[in-house]
Amino acid sequence: MGRFSFGAYTTLNAFRTNAPNNGFNPSDPHVWGLGAKYIGPVVPVQLWAAYEKHTDLFGLAVISPGAIAATSSKDRGIQLGVGYTLGDVFLFANWEQLKYEVEGLGGAAIDEYRRSAWSIGTKWNLPTGYIGAQYMQAQDGRCQRVNGAACDASETGAKSVGLGYYHTLSKQTMAYVMGQYIKNDDLNFYTVAGGIGVPTNLGANVWAATVGLKHSF
């Protein structure tokens with residue numbers, strides 16, 4: 001629609017059940033999300049935003065296992081971004097926040113956790129393909145307990161840097177090689193997307209290299 005593009009999606013409630021969820025509570029899991037992007041007609045700037053919400057997927061249980069005993073959960077993610085084209089170089093920055101909430105717990109149980117992250121990156125177009133690079137940093141999380149007691153989520157951040165070259169073989173096929181380094185804080189274990197799996201030890205530093213072939217039909 002002019003210089004704007006939009007998208008929205010949702011899942012159906014095929015997994016809705018009155019049976020206990022993971023041995024505890026009835027569940028109605030579903031996901032919906034939406035996003036929008038703007039590309040300037042004169043100034044080569046781009047702006048985008050996205051929002052996604054999960055219901056009864058109990059994302060907090062990955063961080064605090066006791067959260068699976070809650071009666072319901074609401075998780076959401078927000079991302080905002082800006083990009084600018086300068087000749088053959090595209091520069092961009094992102095900010096995002098993830099928030100996990102549950103209801104129905106008592107005592108000193110953790111019922112909310114959120115964390116923010118930001119990144120900057122570039123894409124340099126070449127006659128043979130392009131080079132991409134990105135720096136990402138996840139901030140320490142923040143948590144909340146049902147009874148208002150202190151909740152410490154320090155040392156849960158991470159820093160990452162990645163670099164890749166993507167070589168055009170044809171209009172539909174591209175070969176690529178990528179490298180990434182992640183430095184986790186003492187109490188987290190981020191890993192590369194679609195890569196080697198989650199490290200088993202907290203505070204692990206992760207090195208990864210990927211060689212691949214992408215074909216678009």
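Mentor: Asn-188 sits in the loop between strand E12 (173-184) and strand E13 (205-215); strands (E) are DSSP runs of at least two residues and helices (H or I) of at least four, numbered from the N terminus. Before going on: this is a predicted model, where local features need pLDDT of at least 70 and side-chain atom pairs count only at pLDDT 80 or more, while totals for chains, interfaces and linings use all residues. Residues are numbered from 1 along each chain as its sequence is written, and side-chain values use heavy atoms, with hydrogens and water left out.

Asn-188 counts as buried because its relative accessibility is 15%; buried means under 20% relative accessible area, exposed over 50%, and partly exposed in between (1.4 Å probe, protein chains only). Its side chain reaches the backbone oxygen of Thr-156 at 2.6 Å. Leaving aside residues up to four places away in sequence, Asn-188 touches Glu-155, Thr-156, Gly-157, Leu-202, Gly-203 and Ala-204, where contact means heavy atoms within 4.5 Å.

As for the cores, the largest nonpolar one has 12 residues, among them Phe-58, Leu-105 and Cys-143. Helix H1 (60-63) and strand E8 (110-126) are the elements that give two or more residues to this core. A second, separate core of 5 residues includes Ala-158, Ile-182, Val-192 and Val-206. A nonpolar core here is a set of buried Ala, Val, Leu, Ile, Met, Phe, Trp, Tyr and Cys residues joined through side-chain atoms within 4.5 Å.

For contrast, look at Leu-86 in strand E6 (residues 72-86): Leu-86 is exposed, since its relative accessible area is 54%.

Key: A polar contact is a pair of N or O atoms within 3.5 Å; within protein, one must be able to donate a hydrogen and the other to accept it, and residues adjacent in sequence count only if both atoms are side-chain atoms.
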